[in-house]
Amino acid sequence: MSLLKFDYSSLTPGKKLAVKYFIVAIILFGAQLLFGLIAGAQYLVPGLFYNKLDFNVVRMVHINAMVIWMLYGFIGSVYWLIEDEAQTELVGYKLGNLAFWIFTLAVAVVVVVYLFIQIGPGNQTSLWLINEGREYIEAPRWADIGIVVCVLIFFYNVAATFMKGRWTGIAGVLVLDLVALAGLYLAGMFYTPNISVDQYWWWWVIHLWVEATWEVLVGCIMAWSLMQVLGTPRKIVQTWLYIEVALMFGSGILGLGHHYFWIGTPEYWLTIGGFFSALEPVPLVAMVVHAVYDAGKHDFKNRNHPAMAWLIAHAFGNFFGAGVWGFMHTLPQINLYTHGTQWSASHGHLAFFGAYASINIAMWYIAVQKLRGDVPFDSRLPHAWRWKSALALLNIGVLGMTMALLISGYEQSFIERAIEGSTWAGYFKAQTAKWFMQGMWWRQVFGYATALGYVLLVWDLMTIGKDVPQSVIEADRKERLHGQKTRG
Amino acid sequence: MNKTPWWASESFWRKVAVWITGGMLVILIFLTFDTVKKITAGSSRVPAYSVINKRIYYRFNPERGFMEPVIGDDAPLFGKMLSEEEAEKLVSLGKMTIQAKNCMNCHTLLGNGAYYAPDLTKAWLDQGWGAESVRENMMVSFLMDPKTNGRGYGTMRRMPNLGITEEEAHGIVAFLKWMSSIDTNGFPNNFKTIPQEGDQ
Amino acid sequence: MTEPVLASNIMLATMAGAMMILFGAFYAFFFAWSRLKNKASYATLAYLSYGIFVVFTVVLVQVLHLSGYWRILVALLLLGYLLAPHGIWHLCVGTHPHEEEIATRSTPGKSSGLS
């Protein structure tokens, strides 16, 4: 097992726990891609796995694996940062470890049930034991309760550790955000026959998780990474975290309105949703200006090039995925046509990857550097082509899928929605249209590129920094000692 | 350190963040109370479940500038008038079946879900069922045996056999009929409906 | 609202939206860059980007048939996105007053992030 010879024993409890979460996140990321490829193939070969592993099951695993791996990544990232931030050891390692195994076991059981039982009769038992059939939060009710319990244990661990150690601005934002994260999930845990009420609360979970609490979680992780990787002073980082929270919640909470155009909710949501959608790019404008300011005032000299590259990919991915792709079809006059078409898939792929996948990958590189004994991951790193190729393939792959889905989405909204008036016949007419199918083929091709990038990424994470020559490690140590002296 | 102007200080922005977040939440909660009231079954936007006893039209309203459901005269589902309670029970069975069979990961409902199969928002009113007189039974037989009664419109895409019972199929049809009566602000736009009795 | 866009304008409307965000960002970028480098030529690029942003906004207003109070909102949007980078830049300068000083003053023991 020389491949995996990591410096695991020297880790603090929080970081040990973090590594476990990261490993499961990486595995589930792979599952997401695998099932994505199958789902994509089912558009091209409709009979594939018919009545054995149908599209609804495949697609459910595809999106659930994504939600769960990102959650694992975030939880891992917080465990990774908390001890440095609180300046004390994690208070409940054993409890956290127990929660990790319960959570992971629950995920495994849920996946097995998804794959082998799949569906049930139309009664409460199915919703409690098999799946709830509500996109993104399909997990059966027993698992919902498990998720809330695990998030609460996580919350306790975070809050108690900060209370025992040092309470900082980032700690305050993080703890409040976790309360919201757990609390919002409850909004998705009930049954009603009324589909409008159902979707009203369903969006609370989906939108307010993804466009509010997750964003702030990423803001906290980003703030911490900036201090670690670039040495930005805490006071500045925290002030900007507050600015970001103000801008993000200021535009994002009522941005919820852009999901309330067509689900039976009153007409005033058209105005609210449209207005706040126009505000949502403001945090991105702030980010652009601030990034330029920082770039001018600092040299981005750092010892972890892969992490830095993924942070930059995060900034661009977030801007294009959430900003450009989001605003493109968010206004009601346009959304009337694009709602419920491959447009949403196009936006979803780039936004989730740009905003959340990339920052998680950056965290993995930060962690793996530590696991390799803090060797420099800079221009002296051997086999650097691996991380560079993984970065290129993953980004080109996702961007390619996004463009391909955009073409299909345009074709679909034009033929099915605008011309045919959304009848079933119109739907199928669009699905067989030449450009729609072209888009689907290209999506699949870029899907393979993405998957290849993932394989390279995993290989790189397992091997990066292993062969750094002793001379480089010595030189790096001297540089850092020297750096500290001149700075101090 | 104390040279930072007040408008750029950490404590100022902490307060701003807290007030903005709190303020937005209060507005959202206020709007939620209003909205939930307006989308409770039995309101003008979301009709009572017993609407399945009636004929449902989807017509252009020039005043609002888009199409809206119009509730017509009696047209009992499966030939049986239901009480409000019975109707809710049937629609609920349909909704629960739709969840248990994971329909939303192929279809969209009110435009939300997956894009592998047609939107179900106005499926009850779709022209594909041919005529009003045969619609209900066609829907039931399709749901119970989609393999034989495929509706892929010449594509190879077929709905899998989901083991839907007759009772569940009736529930699903009731749910779809009820859902088609929801006022969705004109979504989907320009929908072409099945000819219904009294339609002009 | 809301008169939906014409079917033939769907592409135009979505592209106008995308271009608004893109050129809004270009404006922010070049504006910040001109402040950083203190060069008028970048400022010209910035306001050129803003001009294109305005053009696409007008296109969007046209194809979305925005009228009445929507137009007031659009005017506010144009003003807001014009001033936002100024404000943010101001804030950047304000929040980073004596960075070097702060960095050297704080002891690494107290805030590990700095070390």
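Helices (H or I, at least four residues) and strands (E, at least two) are DSSP runs, numbered from the N terminus. On this basis chain B has 4 helices and 4 strands, which follow one another from the N terminus in the order α-β-β-α-β-β-α-α. This is a predicted model, in which local features need pLDDT of at least 70 and side-chain atom pairs count only at pLDDT 80 or more, while totals for chains, interfaces and linings use all residues. Residues are numbered from 1 along each chain as its sequence is written, and chains are lettered from A and ligands numbered from 1 in the order in which they are written.

**Overall form of chain B**

- Chain B has a radius of gyration of 22 Å, whereas a compact globule of 200 residues would have one near 16 Å; the radius is taken over C-alpha atoms, and the globule rule is 2.2 Å times the number of residues to the power 0.38.
- Along the principal axes, the C-alpha atoms of chain B fill a box of roughly 80 × 40 × 35 Å.
- Of the 200 residues in chain B, 45% are buried (20 or more other C-beta atoms within 10 Å of the residue's own; exposed means 12 or fewer, partly exposed in between, with C-beta atoms placed from the backbone).
- Among the contacts in chain B with a separation of 6 or more, 61% join residues 24 or more positions apart; two residues are in contact if their C-beta atoms, placed from the backbone, lie within 7 Å.

**The strand pair E1 and E2 of chain B**

- Strand E1 (residues 54-61) and strand E2 (residues 66-74) of chain B pair in the antiparallel sense over 7 bridges; pairing requires that DSSP finds at least two bridges between the strands.
- E1(B) and E2(B) form a hairpin with 4 residues between them, and Gly65(B) in the turn has a positive phi of about 85°.
- Within this pair, Arg59(B) stands opposite Glu68(B) in E2(B).

**The contact between chains A and B**

- Chain B gives 72 residues to the contact and chain A gives 67 residues.
- Elements of chain B that each supply at least two residues to the side touching chain A include helix H1 (10-39), helix H2 (84-100) and helix H4 (166-180).
- H1(B) provides the largest share of that side, 15 residues.
- By class, the side of chain B that touches chain A has 35 nonpolar, 22 polar and 15 charged residues; Ala, Val, Leu, Ile, Met, Phe, Trp, Tyr, Cys and Pro count as nonpolar, Asp, Glu, Lys and Arg as charged, and the others, Gly among them, as polar.

**The largest nonpolar core**

- The largest nonpolar core has 256 residues, and those with the most contacts inside it are Tyr21(A), Cys220(A), Val288(A) and Val289(A); such a core is a set of buried Ala, Val, Leu, Ile, Met, Phe, Trp, Tyr and Cys residues joined through C-beta atoms within 7 Å.
- Helix H2 (residues 55-86) of chain A contributes the largest share of this core, 22 residues.
- Leaving aside neighbours within four places in sequence, Val289(A) is in contact with residues including Ala28(C), Pro85(C) and Trp89(C).

**Backbone exceptions**

- Most residues other than glycine have a negative phi, and most peptide bonds are trans.
- Leu110(B), in the loop between E3 and E4 of chain B, has a positive phi near 55° and counts as buried because it has 25 C-beta neighbours inside 10 Å.
- Tyr136(A), in the loop between helix H4 (124-129) and helix H5 (141-164) of chain A, has a positive phi of about 75° and counts as partly exposed because it has 19 C-beta neighbours inside 10 Å.
- A cis peptide bond with omega of about -10° joins Phe187(B) and Pro188(B); Pro188(B) is found in the segment after H4 of chain B.
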